[in-house]
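Please consult the sequence and structure shown here while reading.

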Amino acid sequence: MGGQVMVVVVVAAAVVMVLMSGGECRKGSGRVSFEYSAISCRAHSASITDFGGVGDGKTLNTKAFQEAVQQLSRFASDGGAQLFVPAGKWLTAAFNLTSHFTLYLHKDAVLLASQDIKSWAVVDPLPSYGHGRDAAGGRYISLIFGTNLTDVVITGENGTIDGQGGVWWQQFHKKKLKYTRPYLIEIMHSDNVQISNLTLLNSPSWNIHPVYSSNVIIQGITILAPVTSPNTDGINPDSCTNTRIEDNYIVSGDDCIAVKSGWDEYGIKYGMPTKHLIIRRLTCISPYSAAIALGSEMSGGIQDVRAQDITAVHTESAVRIKTAVGRGGYVKDIYVKGMNLHTMKWVFWMTGNYGSHADDHYDPNALPEINGINYRDVVAENVSIAARLEGITGDPFTGICIANVTIGMAKKAKKYPWSCLEVEGVSSGVVPPPCGLLADQGEEKLGMCDFPTENLAVDGIQLQKCSYRMKYNV
Ligand SMILES: *[C@@H]1O[C@H](CO)[C@@H](O)[C@H](O)[C@H]1NC(C)=O
Ligand SMILES: *[C@@H]1O[C@H](CO)[C@@H](O)[C@H](O)[C@H]1NC(C)=O
Ligand SMILES: *[C@@H]1O[C@H](CO)[C@@H](O)[C@H](O)[C@H]1NC(C)=O
Ligand SMILES: *[C@@H]1O[C@H](CO)[C@@H](O)[C@H](O)[C@H]1NC(C)=O
Ligand SMILES: *[C@@H]1O[C@H](CO)[C@@H](O)[C@H](O)[C@H]1NC(C)=O
Ligand SMILES: *[C@@H]1O[C@H](CO)[C@@H](O)[C@H](O)[C@H]1NC(C)=O
């Protein structure tokens, strides 16, 4: 019985391979079968080659992608559709997604972002930011963009999206950009979003930006960019509710994950927080930035963030708070449990004077509220400074709880491992011993810092097994 099943599987695999290799070297049709997990499966399928796409690394496929999405959007109310991208190199400028839609990359598919800046459309700044981040005016639209969608999936078997960011980084350093650089993926005003099992390389700027969205799952993503590349943040949940970010591996030139909610007076006015966010099983390498940053744009508020099983190697700091006078908003009910850290400048870092304002019209009376920040079960090695906690004069950061933390200091560590200003809180079982502002509760209180045990709604989202057999024209 077992033997028979094996034979059938082997024969089927051989047939698929023959058809695929045949399809790759001459005109005709290809056939593939594949399986993946998704929030929903689709009734209709097509390949980018059905819309004239050419995966030779030279032909520009922007029209093919735009046409494909437009045609497949007709199936939104009829079981949805998926667009398959076969093995090959698919050069393209930006295109938009649609609802009840899946973009699926073959494991050897590489989307190459066009380096011709003129081929990128420009869109308005985000209302909660008022300005672009690189230049005051508009923003180049993201390579893969979606707005006002429901039920959208971007996945693959670790297929690649290569931002070819080098030209953008150069223009940025030379201060020659007229507009803000594009991101690789931006999904805005959307509900039920999945981005999974992909490799993202060399983004011009941020990699994945879900904004004003809810029920977002980001899973199994590898993000790679030079550690010196400018603003190549990994994943930036921004004014989002119910987000699950798990099993990701990120090497980047900026924060691996940056939780945001708008900038100064624009963010305060828009008033849309990021809340109910899960981050787990993250591995981060980012020598000049944080594993997880909260802020600095946090003017719509950040609440109920649960970070668990975080590994960081050669990263500047772990879970950092960045804010400033003028931001307003809040960062509260933050829970961090289980961090394994190796080679780090500061394990704990809170910054109340981050600056970096949208413009000069920020309200100097708009003080951020930072309260209820919990860290427990942390082991760190080769650390230069244990903590640098700096609240705001007249606006201390309160309710800080740090417990069960062992920090191995580097041979060349600084003389004073802790520095604290304008902060209030408690500690237990922390080595080296913390500053007096974090009142020591004694060794028996190792478990005292909160970590919620009840699940969030986003934990309950089940992935279905989708499987396809597909014929396509090449
Ligand atoms: C990602 O890939 C892994 C390993 O192949 C698989 O177990 C998992 O179901 C996939 N998840 C998603 C959400 O695509
Ligand atoms: C994509 O969406 C943006 C924002 O809605 C819009 O400005 C742009 O024209 C769309 N692009 C295409 C090719 O439809
Ligand atoms: C998208 O949704 C936002 C927020 O609900 C709304 O303000 C905007 O008008 C919508 N845009 C389109 C093109 O429907
Ligand atoms: C995905 O590809 C990247 C880049 O080649 C690799 O580092 C990573 O290990 C791969 N992930 C999986 C799950 O195969
Ligand atoms: C302290 O943290 C370690 C991991 O660093 C964990 O194994 C242990 O269970 C924690 N102790 C308590 C009392 O929570
Ligand atoms: C310890 O950290 C320093 C930087 O502070 C680094 O140069 C060195 O390689 C690290 N040592 C180990 C054993 O990782």
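Two nonpolar, three polar and no charged residues form the shell around ligand 2; in this classification Ala, Val, Leu, Ile, Met, Phe, Trp, Tyr, Cys and Pro count as nonpolar, Asp, Glu, Lys and Arg as charged, and the others, Gly among them, as polar. The model is a predicted one, in which local features need pLDDT of at least 70 and side-chain atom pairs count only at pLDDT 80 or more, whereas totals for chains, interfaces and linings use all residues. Residues are numbered from 1 along each chain as its sequence is written, chains are lettered from A and ligands numbered from 1 in the order in which they are written, and side-chain values use heavy atoms, without hydrogens and water.

**Ligands**

The residues around ligand 2 are Gln 66, Asn 96, Ile 141, Phe 145 and Thr 147, where a residue is counted if one of its heavy atoms lies within 4 Å of the molecule. The protein buries 44% of the 360 Å² that ligand 2 exposes when taken alone; accessible areas come from the Shrake-Rupley method with a 1.4 Å probe, and for residues only the protein chains shown count as cover.

Ligand 1 is surrounded by Ser 37, Thr 155, Gln 194, Ser 196, Asn 197, Gln 219 and Leu 463. By class, this shell has one nonpolar, six polar and no charged residues. The table gives polar contacts of both ligands (pairs of N or O atoms within 3.5 Å; within protein, one must be able to donate a hydrogen and the other to accept it, and residues adjacent in sequence count only if both atoms are side-chain atoms).

| Ligand atom | Side chain | Distance |
|---|---|---|
| Ligand 1, oxygen | Ser 37 | 2.9 Å |
| Ligand 1, oxygen | Ser 196 | 3.1 Å |
| Ligand 1, nitrogen | Gln 219 | 3.2 Å |
| Ligand 2, oxygen | Asn 96 | 2.4 Å |

**Pocket and cavities**

Rolling a probe the size of a water molecule over the atoms shows where empty space is left. On a 1 Å grid over the protein atoms alone, a cavity is a set of points where a 1.4 Å probe fits but cannot get out, and a pocket is an open set with protein on both sides within 12 Å along at least five of seven lines; lining residues have an atom within 4 Å of a point. Points are joined across faces, edges and corners, and a volume is the space filled by probe spheres set on them.

The largest pocket has a volume of about 370 Å³. Its lining comprises 26 residues, of which Arg 133, Trp 206, Asn 231, Asp 254 and Glu 297 are the closest to the centre. By class, the lining of the largest pocket has seven nonpolar, seven polar and 12 charged residues.

There are two cavities of 30 Å³ or more. The largest cavity holds about 50 Å³ of space, and its lining includes Arg 133, Arg 139 and Trp 206. The second largest cavity holds about 30 Å³, with Arg 139, Ile 141 and Glu 186 among its lining residues.

**Salt bridge and backbone**

The structure holds 18 salt bridges, each a side-chain nitrogen of Lys or Arg within 4 Å of a carboxyl oxygen of Asp or Glu. One of them joins Asp 247 and Arg 281 at 2.6 Å, N to O. Asp 247 also has a positive phi, near 60°. A cis peptide bond joins Gly 295 and Ser 296, with omega about 5°. The bond from Val 431 to Pro 432 is likewise cis, with omega near -5°.
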